[in-house]
Amino acid sequence: ELWYPLIGLENCEYIIFQNLEVVNSRGRGIRVLYSDHITIRDIWLHHLGDAGVEGVTCGYLTIENCRIWKSNLVNDEDGPWYEDFMWSGAVSCYGDEESSGPASHDIVVRGNEIFQNYGEGINMEGHNDGVVIENNTVWDSWAPAIHFPNSKNILIQRNLLYHTNDPEFLREGQPSCGIAFLNEVPPTKPGTIRDITVINNLVMGYYNNIAIWEDERGDEAETIENVLIANNTLLDAHSNTNKTESIFILNTDIKNIRIENNIILQEDNTGIFGYCAADSGVSFSHNLWWPGYPPHNIRSKNDVFRNALIFRSGLTGPGLLTPDYFKIGANSPAIGAGKILPEVTEDFSGRARTGTPAIGAFEYDVPINISQNNNYDKFIEIYPNPVFDKFNVAINNNEHHIYTLNLFDINGRLVMKKLTNDNENNVVVFDVRSITSGVYVLNVLRDDKIQTNKKIIIE
């Protein structure tokens with residue numbers, strides 16, 4: 001029957017559903033209503049009329065390691081179940097939609113693959129309090145990949161989100177949004193969006209990679225406040241008809257929105273870096289923009305305007321993009337150029353962000369485990385090693401090259417960096433007296449090509 005779920009839980013507690021396949025529902029796949037401590041794990045949900053998993057006014061709901069695709073078929077104009085303007089998210093959760101009453105709370109959406117859906121990917125529809133959305137891969141959703149109107153206390157981290165511009169999943173001819181903040185009025189009822197943390201995400205190919213705006217009926221909506229958008233890597237916002245923006249902020253009632261330590265590459269010429277119509281309430285700092293310069297009201301004196309040297313290696317088709325595509329190279333200007341943020345202690349891979357962090361979702365992944373003499377330049381001498389106070393790097397070559405010398409700790413954090421020209425038989429001195437004893441790696445590049453990764457022992 002229309003909208004009914006294949007699996008429905010109401011007024012239940014402490015139930016785990018796992019290792020199932022849920023398919024061909026005319027309505028929802030799994031619906032959890034007025035229930036607490038429910039786990040949906042390792043389930044395939046596909047070809048569903050409405051949401052894959054829907055939680056309504058529930059608490060401690062965990063949805064993890066599921067694959068959800070071809071949901072919300074009511075929104076497929078060419079399908080047999082089409083209903084005009086009726087859709088939800090592949091994963092959807094909300095409080096009481098008839099009033100501003102009880103909220104859904106303590107929701108975890110983790111490690112899922114969500115793709116080719118005719119609605120949102122992950123849709124926190126309204127009145128959610130306490131949500132963690134992490135380690136998910138979402139691609140080719142017709143509506144925003146992650147969408148959360150009228151909710152608070154949300155952490156969105158380490159997600160891979162991308163749109164391949166597949167015509168079947170374009171909305172009015174365009175890719176959808178990546179991460180969308182939106183205050184809406186009924187059916188979810190307006191409410192304050194607040195205390196939102198968006199960190200270490202990889203986002204590519206959306207009409208807006210991140211968008212914040214107010215519903216067109218927004219005279220009833222409230223504020224968006226206390227938002228941190230940091231250490232994300234945003235690539236190539238895309239439009240099929242006009243110019244678009246990687247970061248889009250429409251004039252709305254916003255307070256204390258910080259956009260910091262993000263890499264924004266807009267090498268797709270259908271888009272620009274960003275647009276911000278807010279007069280106040282939003283600040284930008286320590287972001288890397290390439291190529292060119294963003295509008296004055298979204299840049300800062302601490303920004304970097306150089307090529308981030310993103311790997312961009314591997315396939316980018318549906319289901320093929322991996323996080324490695326977004327990693328930074330050994331000579332990236334993003335390394336050590338970020339701002340120390342207490343809210344961002346790790347990178348996308350879980351590597352600790354100690355010292356001055358990199359801009360973007362990744363710290364540099366120094367290849368410590370390769371042979372330390374791999375491609376070793378015979379003109380380079382490093383001595384003494386082990387070292388107590390200072391060590392020398394001698395470059396003896398009559399040819400002209402530029403050498404970059406990066407000293408990393410064992411966690412891949414940049415500790416010290418030096419540049420030198422070898423045409424005068426230079427000796428570069430590293431004073432390590434202020435550095436904690438331990439094992440380090442000296443990464444030597446000649447003309448931006450790795451020559452060696454030499455283990456240095458500081459005693």
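**Figure 1. The surroundings of isoleucine 179 in a predicted model.** Leaving aside residues up to four places away in sequence, isoleucine 179 touches Ile146, Phe148, Ile156, Leu161, Val198, Asn201, Val203, Asn209, Ile210 and Ala211, where a contact means heavy atoms within 4.5 Å. This is a predicted model, in which local features need pLDDT of at least 70 and side-chain atom pairs count only at pLDDT 80 or more, while totals for chains, interfaces and linings use all residues. Residues are numbered from 1 along each chain as its sequence is written, and side-chain values use heavy atoms, with hydrogens and water left out.

**Figure 2. The nonpolar cores.** A nonpolar core is a set of buried Ala, Val, Leu, Ile, Met, Phe, Trp, Tyr and Cys residues joined through side-chain atoms within 4.5 Å; buried means under 20% relative accessible area, exposed over 50%, and partly exposed in between, with a 1.4 Å probe and protein chains only. In the largest of these cores there are 60 residues, and Ile40, Phe148, Ile179 and Phe181 have the most contacts inside it. Strand β4 (residues 36-48) gives the most to this core, contributing five residues; strands are DSSP runs (E, at least two residues), just as helices are runs of H or I with at least four, and both are numbered from the N terminus. Another core, of 33 residues, lies apart from it and includes Ala308, Ala334, Tyr364 and Phe408.

**Figure 3. Strands β17 and β20 within the open sheet.** Ten strands form an open sheet with parallel pairing, in the order β1-β3-β5-β8-β11-β14-β17-β20-β23-β26, and two strands are said to pair if DSSP finds at least two bridges between them. At the edges are β1 (7-10) and β26 (271-276), each of which pairs on one side only. Strand β17 (residues 179-183) runs parallel to strand β20 (residues 210-214), and five bridges join them; phenylalanine 181 has isoleucine 212 in β20 as its bridge partner.

Figure 4. The whole structure contains 14 aromatic pairs, counted when rings of Phe, Tyr and Trp (its six-membered ring) have centres within 6.5 Å, with planes under 30 degrees apart called stacked, over 60 edge-to-face and the rest tilted. Tryptophan 44 and tryptophan 69 make an edge-to-face pair, 5.7 Å centre to centre with 75° between the planes, and this pair links strand β4 to strand β7 (residues 67-69) across 25 residues. Tryptophan 44 is partly exposed because its relative accessibility is 41%, whereas tryptophan 69 is buried because its relative accessible area is 14%. Ring pairs also link Trp44, Trp69, Phe115, Trp139 and Tyr162 into a cluster. Arginine 67 lies over the face of tryptophan 69, at 5.1 Å from the ring centre; a charge counts as sitting over a ring if NZ of Lys or CZ of Arg is within 6 Å of the ring centre and within 35 degrees of the ring normal.

**Figure 5. The ring pair of phenylalanine 148 and phenylalanine 181.** Because their planes stand at 65°, with centres 4.8 Å apart, the rings of phenylalanine 148 and phenylalanine 181 form an edge-to-face pair. Phenylalanine 148 is in the loop between β14 (146-147) and β15 (152-157), while phenylalanine 181 is in strand β17, 33 residues apart. Phenylalanine 148 counts as buried because its relative accessibility is 0%, and phenylalanine 181 is buried with a relative accessible area of 0%.
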